[in-house]
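This briefing covers the predicted model displayed below.

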Amino acid sequence: MPKTAWDKTEDATSGGAGAIPPEDDSGRQALLRLHRRQTGRRVLMLVGVLVAVGLAVAVARIIVGDAPAPPPSKEIAQDLPADALAGLPDGTRARLLRDTIDRPAVFKRVYGGHPADLCTAILELGVPMSDWKPDPFVAGFWYCASELVVLGRTAPDGRRATLFVNLRGQSEISLNTVRIKLNAENPETVSQARASLVRVLEAVGARYGWPWPEGVRQAVLDNRAASFEQYGMTVTILPEDPDLTGDLPGVVRVNVIVEFPVVDLVAPAEIFAPFAWEVERASKRKRNRPVGGADSQTRDTRGVSGQAAE
């Protein structure tokens, strides 16, 4: 008799000939077949890529050809001269090979504060000073100046001692020179007048951050012409000749000039050739002014450092 659905179910559970394979085994076989198919696809893709690369290299070699072989290193070495400077003029060659440098760096001290602060410092000593302002007679320059200060009492015949201070700079923020002018016509107040001059000079040194050499003070007291230089800054004492001024004995007239240096190693950017795209704008630039004092060519060269001037 034919088996019913219930009989077939029983055979499956009992492991008879008509039983369905266990579920775990059938799942494992399905996964194995899937893995084989994926592996086959990957191998075929790899083979295809290798074949394509090989064909591309072959085509490129046919079109371009093989690259030329580099020349032997011996041939390159033979083209170089034994002396790389052999073709230069003798003067240029000697300049490049000498041990010394063209422009040795010399330490220079410049006035780093704002000139208006020094004008104020002198004002606080009792010397009436103007504001730091543009010079109406010299374009681009700035200055501050004192009134003519009377020192001590005036003699019965009208002779007196006066002091005048003037500061000048090539721009609003640069200080070039400090000039102190003393006219001591009254012999009775000469000592007081000289002390006042030294006091103003010391105020400049204090603001500058450097005490003057002892010889500067002594040259002023001796009314002796002299020039001192240190770190690029110069102090020049220039007494006026009484034979030229027609003064009586005991009259002292002297100029004390302090000049701050120019930093030679700081070059304005405009001296370098601009880029092509900067040519149009280069003509509109304002030239940088030198840092520090006036050009050394404009300085009074009278006097020897620490010695009396000739």
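Cys119 and Cys144 form a disulfide in this predicted model, with their sulfur atoms 2.0 Å apart. A search of the whole structure finds one disulfide. The pair links distant parts of the chain, 25 residues apart.

**Disulfide**

- Cys119 lies in helix α5 (residues 115-123), while Cys144 belongs to strand β2 (residues 142-145).
- The torsion about the S-S bond is -90°, and the link of Cys119 and Cys144 is left-handed.
- Cys119 counts as buried because its relative accessibility is 3%, under the 20% cut-off.
- Cys144 is likewise buried, because its relative accessible area is 0%.
- In general, a disulfide is a covalent bond between the sulfur atoms of two cysteines.

**Helix α6**

- Helix α6 spans residues 190-208 and contains 19 residues.
- From its first C-alpha to its last, α6 reaches 27 Å, close to the 27 Å expected at 1.5 Å a residue.
- Just after α6, Gly209 adopts a positive phi of about 85°.

**Nonpolar core**

- The largest nonpolar core has 43 residues, and the members that touch the most others are Leu167, Val178, Ile180, Trp212 and Ile237.
- Helix α6 supplies the largest share of this core, with eight residues.
- Beyond its neighbours within four places in sequence, Trp212 is in contact with Leu201, Glu202, Val204 and Gly205, among others.
- The contacts of Trp212 also include Met233, Val235 and Val258.
- In soluble globular proteins, nonpolar side chains tend to be buried together.

**Chain as a whole**

- The chain holds nine helices and nine strands.
- Of its 310 residues, 27% are buried.
- Among contacts in the chain with a separation of 6 or more, 54% are between residues 24 or more positions apart.
- The accessible surface of the chain is about 21400 Å², and carbon and sulfur atoms account for 58% of this area.

How values were computed
Residues are numbered from 1 along each chain as its sequence is written. This is a predicted model: local features need pLDDT of at least 70, side-chain atom pairs count only at pLDDT 80 or more; totals for chains, interfaces and linings use all residues. Side-chain values use heavy atoms; hydrogens and water are left out. Helices (H or I, at least four residues) and strands (E, at least two) are DSSP runs, numbered from the N terminus. The expected span of a helix is 1.5 Å times one less than its number of residues. A disulfide is a pair of cysteine sulfur atoms within 2.5 Å. Buried means under 20% relative accessible area, exposed over 50%, partly exposed in between (1.4 Å probe, protein chains only). A nonpolar core is a set of buried Ala, Val, Leu, Ile, Met, Phe, Trp, Tyr and Cys residues joined through side-chain atoms within 4.5 Å. Contact means heavy atoms within 4.5 Å. Accessible areas come from the Shrake-Rupley method with a 1.4 Å probe; for residues, only the protein chains shown count as cover.
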